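Have a look at the structure, then read on.

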Amino acid sequence: MKVALINNFFLVIEQLISATQITFSRASLSSKLRQLNLSQTDSRYLNRSLKRFQKNNLVETFNKNQQIYYRLTDKGFIRLINYRLKNQVFLRARKWDGFWRVIIFDIPEDKKIVREALRRKLKYFDFFPLQKSVFVFPFKCEKEVQALADYFQINDFLEIVLAKSLGSKENEIREFFKLALN
């Protein structure tokens, strides 16, 4: 139950923000939650949740025109990306569009920590490792991968390619993602 409510918070926050604007007001958050008809989201719960997000350094507050606004921190932004990608994986019941997303990166040795962090994230989100620096995913994830590249500041070293076929390993990869075999 608690996990579902936290997911709903991230769902609403995702709807409130864009890639360039990562701020929201308490009123906009409350309004969106009411639109989802969540009876558990009374004002006390909302206040406790926002305080917990602040305590966990996921959001920070600032004043503008005598009103309090919330802004996602870097940690909160990564949590949002995690939420998006993890839910992408869980929504595999959707129809596959027939295109593979091939993530290719060549991150220099002086950014080895970032390279390893990216590999761990892609594996965590069930991307198929085709090679050490090439991962494959069958569902739309371009925005989320691009957000990771932005966060890690590796845009110049990462490419996302749409491919119709993956050659000799395609059946193995289809099996990995539980997609119908050719």
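K164 lies over the face of F99, 4.7 Å from the ring centre. A charge counts as sitting over a ring if NZ of Lys or CZ of Arg is within 6 Å of the ring centre and within 35 degrees of the ring normal. This is a predicted model, where local features need pLDDT of at least 70, side-chain atom pairs count only at pLDDT 80 or more, and totals for chains, interfaces and linings use all residues. Residues are numbered from 1 along each chain as its sequence is written, and side-chain values use heavy atoms, with hydrogens and water left out.

**Another charge over a ring**
- R71 has its charged end over the ring of F62, 4.2 Å from the centre.

**Ring pairs**
- Rings of Phe, Tyr and Trp (its six-membered ring) pair if their centres lie within 6.5 Å; planes under 30 degrees apart are stacked, over 60 edge-to-face, and the rest tilted.
- That rule gives 10 aromatic pairs.
- F128 and F176 make an edge-to-face pair, because their ring centres are 5.2 Å apart and their planes are at 70 degrees.
- F137 and F177 are also edge-to-face, with centres 5.7 Å apart and planes at 90 degrees.

**Burial**
- F128 is buried (under 20% relative accessible area; exposed is over 50%, partly exposed in between, with a 1.4 Å probe and protein chains only), at 8%.
- F176 comes out partly exposed, at 35% relative accessibility.
- F137 and F177 are both buried.

**The cluster**
- One aromatic cluster is formed by W96, W100, F127, F128, F137, F139, F176 and F177.
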